[in-house]
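Visitor: Hi, could you walk me through this one? I'd like to start with the surface.
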Amino acid sequence: MADDENISIGEAAGLMDVSIDTLRRWDESGKFKAIRTAGGHRVYRKHDIEIFLSDLFKMAAEWVSTPEPSELPNKLYCPTSSEFQARLQKMQTILGSDASVANYFSLLVAVAGEIGNNSFDHNIGNWPDVQGVLFAFDTHKKQIILADRGLGVLRTLKRVRPELSTHGEALRVAFTEVVSGRTPEARGNGLKFVRKVIQDYPLNLLFQTGNASLILKHSESVLKIEDTLEPIRGCLALITY
Amino acid sequence: MRVELIKFGNILISRQAGKEAFAAFQSSLKSISPDETLEIDFSGVITFTPSWGDEFLTPLQNQFKDKMILTNISSNPSVIESLKIIEQISHIPFKVAYN
């Protein structure tokens, strides 16, 4: 029997927006361990669930790091661009009522929109395993997180810039150069917009693709691109404000 | 002729949605006379991106050139910053009526 602090696996699944089977698998793999009662039933501490759900960036980073895709809470996963659009609309409503970002909340939505829609536009018909994006935001921590398990910037940019050979070079081109030519796919140049916005407004961005990571800080024009120890699939972005 | 962008929603973001809006607008365009001005009204738009704008505004700009005028962009930073990027890429400045 669960005490006041512990809740059943069914209640935990409801709170976390995943299935009971997912929680069983996460317990077995160690991703999110359950507590066993004397009778052998799985129970969970509410506090542990809150911590797990609050570390959205860690969840996103894990999702794009593993060879096989793990399951995501439904409320963070947008399988289609129309679903993503609907959740952006929700974020727009929430940020629109936040006085601390009153002057630039539309830019937060626009930046998240450009990064998320890039995932859909550049991977359509070519998703390696899971279609869609992870999209999460936390108005208390003032962060927005986007991730996809797509082809990544290098492979998609090579279609128009075949000379590119490293993830770092691809990141630099994506954020700095106007990519001309609309074939074989339309290029939005949305990441140049993202960079310009971050220079002029109080936002920061961490963007990783493959084994390269870019940091853009508000009011700094320098692009910091570094190699990372562990490569990821697709793209991972953390916007802070 | 005046086009109210709010009729396409207050969040104008994806390239796909921009394409669909442009396609939907084609039937209205047939009734515009050759010398008529095309006014693009941004009233009510909350979030706007270069991707949506590139799909909707760029082809209209190419067609109407200086007969296209943007109105009510107010002080919305997502509209202002998106227009700057589209202009930078297309090298064609937008004609804006500031209220």
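Visitor: So, how much accessible surface does chain B have, and what share belongs to carbon and sulfur atoms?
Guide: The accessible surface of chain B is about 4600 Å², and 53% of that belongs to carbon and sulfur atoms. Such areas come from the Shrake-Rupley method with a 1.4 Å probe, and for residues only the protein chains shown count as cover. This is a predicted model: local features need pLDDT of at least 70, side-chain atom pairs count only at pLDDT 80 or more, and totals for chains, interfaces and linings use all residues. Residues are numbered from 1 along each chain as its sequence is written.

Visitor: What percentage of the residues of chain B count as buried?
Guide: Of its 99 residues, 47% do; buried means under 20% relative accessible area (1.4 Å probe, protein chains only).

Visitor: Switching topic, which elements does chain B have, and in what order do they run?
Guide: There are three helices and six strands, running β-β-α-β-β-α-β-α-β from the N terminus. Both are DSSP runs: helices are H or I with at least four residues, strands E with at least two.

Visitor: And how many residues of chain B are in contact with chain A?
Guide: 22 residues of chain B touch 27 residues of chain A, where contact means heavy atoms within 4.5 Å.

Visitor: Which residues of chain B lose the most area there?
Guide: I11(B), R15(B) and E81(B), together 28% of what that side buries. The area buried between the two chains is about 1900 Å², with 57% from carbon and sulfur atoms; buried area is the accessible area (1.4 Å probe) that two parts lose on being put together, summed over both.

Conventions
Chains are lettered from A and ligands numbered from 1 in the order in which they are written. Side-chain values use heavy atoms; hydrogens and water are left out. Buried means under 20% relative accessible area, exposed over 50%, partly exposed in between (1.4 Å probe, protein chains only).
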